[in-house]
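Hi,

Here is the structure I promised to send over. Have a look at it first, and then read on for what I found.

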Amino acid sequence: MAQDRRGIWYEATFFDGVTPVDQAATFRVEDDTTRIVIHVGDASLNWPLSDLRAPAHRADEAPLVLNCGYKDARLVVRDPDGQAVLERLAHRLRKAPPVASRLRYLAWGTAAIASVFLSYFVLLPRMSAALTLALPQETADELAENALSMLREYYASDDGEPARICSTPAGDAALVKLMDRLIGDIELPHGFNATVIDASPMNAMGQPGGQMTLMNGIFRIAETPEQLAGALAHELGHLYHEHATTRTLRRSASTGILELTMGEFTGGEVVAGLSQRLIFAEYSRENERIADEFAREVLVREGIPLSAMSELFAVLMMFETERTGVAKYLETHPGFGERIAATNMATGMKPAAAAEPLLTEDEWSALRSICE
Ligand SMILES: [Zn+2]
């Protein structure tokens, strides 16, 4: 028996109900006399006084062996003072095990799981769709800026500097010319901004808030402006349908829910992990299909042969076998085989007119060397 500012601690022995090892423990009665607090090693357990049972115990015997309702763990109390305090405060020591309370816990647990389920799969998707539509331009711009800086941080150089934004007058002009041609008179929900960063993945990403980020690596595989246009038109499809924004809002909303349900138990790490996954989260197959369909329509409208798109897919697929860090495009864009097939099937969609070249040779080489 010992006393500190929180009360009197009684000595006991603890069995966890799993391993046949006894552990030294101490316990005290919480001030509000609703529960006992047990310290075992570094762990701290709360057992409600009303759930404490000593089924085999007779008043004149020592020790007092307690369990707590549905738990297999046992607390063995030899200290007469500790026994006395429990006999006085745990009114149901001699009653039948608290089956009802076990059911209560189960019911509560089921309800909690059901509510998380409902929030995550039913409410959030609807909520985030509604949020996306009502997003003010300011918020969209903020999202876009955030998305770009997260990606730059992610591809930081060895000395920790965020990936450089590549910009040259001729390169910028070529990118604007190409994007203007692809966008045409399509109205994108949150405007549009294209940025090239100095990062090795062969990737382009439609990001939240109308941000499209091209990684320099993509110029290593796109051999013609038309091939690049296939990839960029696909990303435009994601932007047009607000896939990235919706996904980000949904994820950040569900991160909030996760925080609420997991409490302090996980906290910061989970959130940090999730925000990183926000960058590379996969779109659903359905979203990919929709973006591809959008891209095909854009290419056909501009008289660009669809073969340009499947050529690029085919090159990307070759890299899939390597599965190095540079194949990020594949991680975020699953199911290439399927998509090449769909593109080939769509060859009935003939370009309406002979294609006017998207860029001149000079413009194309200015764009490809924008990071040099
Ligand atoms: Zn995609």
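Among contacts in the chain between residues at least 6 apart in sequence, what percentage join residues at least 24 apart? The answer is 62%. Bear in mind that this is a predicted model, so everything below is computed from predicted coordinates.

First, the overall picture. The chain has 372 residues, and 32% of them are buried. Its secondary structure comes to 13 helices and 12 strands.

The helix pair I looked at is α4 with α6. Helix α4 covers residues 169-183 and helix α6 covers residues 225-240; their axes lie 10 Å apart and meet at an angle of about 55°. That angle is why α4 counts as oblique to α6. As for handedness, α4 and α6 cross in a right-handed way.

Is L151 buried or exposed? L151 is buried, because 23 other C-beta atoms lie within 10 Å and 20 or more is enough to count. L151 also gives an example of two residues separated along the chain: I197 is 46 residues away from L151 in sequence, yet their C-alpha atoms are 9.0 Å apart in space.

Last, a couple of backbone angles to check when you go through the loops. Most residues other than glycine have a negative phi. Two residues here go the other way:

- T33 is not a glycine, but its phi is positive, about 50°. T33 belongs to the loop between β3 (22-29) and β4 (35-40). T33 counts as exposed because it has 12 C-beta neighbours inside 10 Å, and the exposed class takes in 12 or fewer.
- E242, also a residue other than glycine, has a positive phi near 55°. E242 is in the loop between α6 and α7 (243-262). With 24 C-beta neighbours inside 10 Å, E242 counts as buried.

Cheers

Definitions and conventions
Residues are numbered from 1 along each chain as its sequence is written. This is a predicted model: local features need pLDDT of at least 70, side-chain atom pairs count only at pLDDT 80 or more; totals for chains, interfaces and linings use all residues. Axes are lines fitted to C-alpha atoms, for helices over the stretch in contact, and angles run from 0 to 180 degrees between N-to-C directions. Helices (H or I, at least four residues) and strands (E, at least two) are DSSP runs, numbered from the N terminus. Angles under 35 degrees count as roughly parallel, over 145 as roughly antiparallel, 65 to 115 as roughly perpendicular and the rest as oblique. A crossing is left-handed if the near helix is turned anticlockwise from the far one by less than a right angle, and right-handed if clockwise. Two residues are in contact if their C-beta atoms, placed from the backbone, lie within 7 Å.
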